[in-house]
Amino acid sequence: MKKFALTTALAGAAIAASAQAQEFDVIGGSTSVLLDTALRSSAAGLDLFGTVGDVLPGDLGMGSVAFPINARDGSLPTTFSYDAGLASFSGAIEHEGGVQFNDGAVTVGDFTSGFDAGRVAGDNSGFFVESTLSIAAILFDVQLKDPAPIADASDLIINADLVVSPEFAAFLGDAGLTGADVGDAQINAIVPAPATAAVLGITGLAAIRRRR
């Protein structure tokens, strides 16, 4: 009985260690965006004209749109991985779809959500949103807000304010727009179930029972 108890304890410790070391990969989902229509129009001179690609209704209420998160294969794959609590992370979240402004004169889209430690300043988290469609530039710096991000084995949910980046302000011809809060974003990412530890546990227990 003692041998069985010890073996079970070691198996449990191995499973726990595996779970602690596990890295979770974003494999899909969507990012919802709700821009301040009045501020966008008056301050930046951008009036929404239409959408490009498979843009869906967003999760942030009327007027919000959602951009699908790319899978981890294809021409522009998502590469973002993290461990629990975002204690460490790497890669970027890539999206499909875009929006057009001013009768189609300005198009942004196929957004990259990435991180650059050099962009950490004040409330800016270092995360950014970059357009790679038509206009290739960082549009927004990201400021995290409540509720706090959820980053575990089941979900990656991040709520944020979008503020105008220096690059986008320069494109719009008004440096004074830098840092202006122009909207909200919410990442709802799909993360695969962490089956590895569960399989390890089931296999280990089965082997123990056979030895008994």
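Author: Arg119, Asp141 and Glu167 are linked in a network of salt bridges, and keep in mind that the model is a predicted one. Arginine 119 sits in the loop between β11 and β12 while glutamate 167 belongs to helix α3, so their contact ties together parts 48 residues apart in sequence. Arginine 119 counts as buried, at 14% relative accessibility, whereas glutamate 167, at 32%, is partly exposed.

Now look at lysine 145, which is partly exposed with a relative accessible area of 29%. Its side chain meets that of aspartate 184 in a salt bridge of 3.0 Å, N to O. Because lysine 145 lies in the loop between β13 and β14 and aspartate 184 in strand β16, this pair joins parts 39 residues apart in sequence. Lysine 145 also forms a salt bridge with aspartate 161, with the closest N and O atoms 3.6 Å apart; aspartate 161 is in strand β15, 16 residues away from lysine 145.

The strands complete the picture. Aspartate 161 is the bridge partner of aspartate 184 in β16, and glutamine 143 stands opposite aspartate 161 too. Strand β15 pairs in the antiparallel sense with β16 over 9 bridges and with β13 over 5 bridges. Of the 10 residues of β15, 9 are buried, so this strand is largely enclosed by the rest of the structure. Aspartate 161 itself counts as buried at 17% relative accessibility, while aspartate 184, at 24%, is partly exposed.

Note on methods
Residues are numbered from 1 along each chain as its sequence is written. This is a predicted model: local features need pLDDT of at least 70, side-chain atom pairs count only at pLDDT 80 or more; totals for chains, interfaces and linings use all residues. Side-chain values use heavy atoms; hydrogens and water are left out. Buried means under 20% relative accessible area, exposed over 50%, partly exposed in between (1.4 Å probe, protein chains only). Helices (H or I, at least four residues) and strands (E, at least two) are DSSP runs, numbered from the N terminus. Two strands pair if DSSP finds at least two bridges between them. A salt bridge is a side-chain nitrogen of Lys or Arg within 4 Å of a carboxyl oxygen of Asp or Glu.
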